[in-house]
Amino acid sequence: MKVTILGIESSCDDTAAAIVENGILLSSRIANQQVHKEYGGVVPELASRAHQQNIIPVVDAALQESGKSIKEISAVAYTRGPGLMGALLVGSSFSKGLSLALDVPLIDVNHLHAHILSVFITRKSEEMRFPAFPFLCLLVSGGHTQLVVMKDHLELEIIGQTIDDASGEAFDKCAKVMGLPYPGGPLIDKFAREGNPLAFKFSKAVIKGLDYSFSGLKTSFLYFLRDRLKEDQDFIRNNLNDLCASIQHAIIESLTHKLVRAAKETGINEIAVAGGVSANSCLREAVRNLGTKKNWNVYIPELQYATDNAAMIAISGYFKYLKGHFSSLDLTPVARFDHL
Ligand code: KG4
Ligand code: ZN
């Protein structure tokens, strides 16, 4: 029997659609929204409008790329949250309408859970190498930083999380104070390649257990820059690469420090990293190096599936479909979840 899932993602500023058949990704399309660039961040109202414009062309493109017709879809999976309410409403309303019209089940997906399941995304031609359960996932996105033990595709436990800013937020906020456009994370990654990670030191918070904190680091960075700019107006321009490399180094040190601790405490050596910040080249390399040193099996999604995409929604929908986890039409989107 063929199980063909259409996945729809619209939680923030990417409108995306993907098709997964029997666990294999057939297509994945994303329409990025450029309208936010000049505002230095995502403007919710503009995001909702752009989703409305993009959603049908993106679904059409995903279907076309997959070679499937809309009649072959077994279920529609969509992001229920967390995210921007107006943006989520576009994807959820569209998915509800389509599931009714096609008379197929509707599957709600938690965006963060889907980031973790992105390590199961595979194209036909690729060799399959998946983590065994239980595995430990460092989930690092724009709004979340968590250490999660995955007991099964659909069963998980959060064992650590940030008590203030997320790591993606730390990247973006530090980039902003250096005058870089939003989102700053990828730019810090780029400039850091030419810089010295040990050029500057910033004070990091010491948090007990497996939790994280990034707001102190951000403040320390801000004060450091304020003092140096008093002496030299061009301090940022003259030291951009070293600043990016140093702040990136500090964020990654915090992330990996607790990851090592979590692996030790749980005794798990199947280690995954997922979410937008897992696109960071230095973090990818740091976790891979740790893997070699500590005998971990490391799983990190391909770059295109690290940041927001619909392939992760479709693969999550597939696992939920297999277990019969369907949702009713009266389920509403959720901007924030108290749980994963
Ligand atoms: O998962 P994601 O695409 O969206 C959310 O669910 O939040 O993550 C977005 C975050 C942003 O903070 C962005 O700056 C960060 O991921 N990011 C990066 C890189 N690529 C994306 N941070 C550091 N280095 C990167 N290469
Ligand atoms: Zn995301």
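Thr145, Leu147 and Val149 point one way from strand β7, while Gln146, Val148 and Met150 point the other way, and all are buried, where buried means under 20% relative accessible area, exposed over 50% and partly exposed in between, with a 1.4 Å probe and protein chains only. In a regular strand the side chains alternate between the two faces of the sheet. Strand β7 covers residues 145-150, and six of its six residues are buried, so β7 is largely enclosed by the rest of the structure.

Before going on, please note that this is a predicted model, in which local features need pLDDT of at least 70, side-chain atom pairs count only at pLDDT 80 or more, and totals for chains, interfaces and linings use all residues. Residues are numbered from 1 along each chain as its sequence is written, chains are lettered from A and ligands numbered from 1 in the order in which they are written, and side-chain values use heavy atoms, with hydrogens and water left out.

**The sheet around β7**

- Helices (H or I, at least four residues) and strands (E, at least two) are DSSP runs, numbered from the N terminus.
- Two strands pair if DSSP finds at least two bridges between them, and β7 pairs with strand β6 (residues 135-140) in the antiparallel sense over six bridges.
- Val140 has Thr145 of β7 as its bridge partner, and a hairpin of four residues joins β6 to β7.
- On to the next pairing: β7 and strand β8 (residues 156-161) are antiparallel over five bridges, with Val148 opposite Ile158 in β8.
- Five residues stand between β7 and β8 in their hairpin.
- The open sheet to which these strands belong has five strands in the order β8-β7-β6-β9-β10, with mixed pairing.
- Its edge strands are β8 and β10 (297-299), each of which pairs on one side only.
- Neighbouring strands here are turned by 25° against each other on average, direction ignored; axes are lines fitted to C-alpha atoms, for helices over the stretch in contact, and angles run from 0 to 180 degrees between N-to-C directions.
- Helix α7 (residues 235-266) packs on this sheet and touches β6, β7, β8 and β9, its direction making about 160° with that of β6; contact means heavy atoms within 4.5 Å.
- Strand β9 (residues 270-274) runs parallel to β10, paired over three bridges, and Glu270 stands opposite Asn297 in β10.

**The other five-stranded sheet**

- Another open sheet has five strands in the order β3-β2-β1-β4-β5, and its pairing is mixed.
- The edges are β3 (24-32) and β5 (106-110), each pairing on one side only.
- On average, neighbouring strands of this sheet are turned by 20° against each other, direction ignored.
- Helix α2 (residues 85-102) packs on the sheet, touching β1, β4 (75-81) and β5, and its direction makes about 155° with that of β4.
- Helix α10 (residues 311-322) lies across β1, β2, β3, β4 and β5 and runs at about 135° to β1.
- Strands β1 (residues 4-9) and β2 (residues 14-21) pair in the antiparallel sense over six bridges, and Ile5 has Val20 of β2 as its bridge partner.

**Salt bridges**

- A salt bridge is a side-chain nitrogen of Lys or Arg within 4 Å of a carboxyl oxygen of Asp or Glu, and by this rule the count comes to 16 salt bridges.
- One of them joins the side chains of Arg123 and Glu65 (3.5 Å, N to O).
- Arg123 lies in the loop between α3 (111-117) and β6, and Glu65 in helix α1 (residues 44-66), so the pair ties together parts that are 58 residues apart in sequence.
- Arg123 is partly exposed at a relative accessible area of 23%, and Glu65 is partly exposed at 33%.
- Lys68 and Glu72 meet in another salt bridge (3.7 Å, N to O); Lys68 is buried at 14% relative accessible area, whereas Glu72 is partly exposed at 38%.
- Lys173 forms a salt bridge with Asp165, the closest N and O atoms being 3.4 Å apart.
- Salt bridges that share partners join Asp165, Glu169, Lys173 and Lys218 into one network.

**A nonpolar surface patch**

- Val177, Leu222 and Tyr223 form a nonpolar patch on the surface, with about 250 Å² of accessible area together.
- Patches are made of residues with over 30% relative accessible area and no salt bridge, like charges being joined within 9 Å and nonpolar side chains (Val, Leu, Ile, Met, Phe, Trp, Tyr) within 5 Å.
- Accessible areas come from the Shrake-Rupley method with a 1.4 Å probe, and for residues only the protein chains shown count as cover.
- Tyr223 lies in helix α6 (residues 215-231) and counts as partly exposed at 43% relative accessibility.
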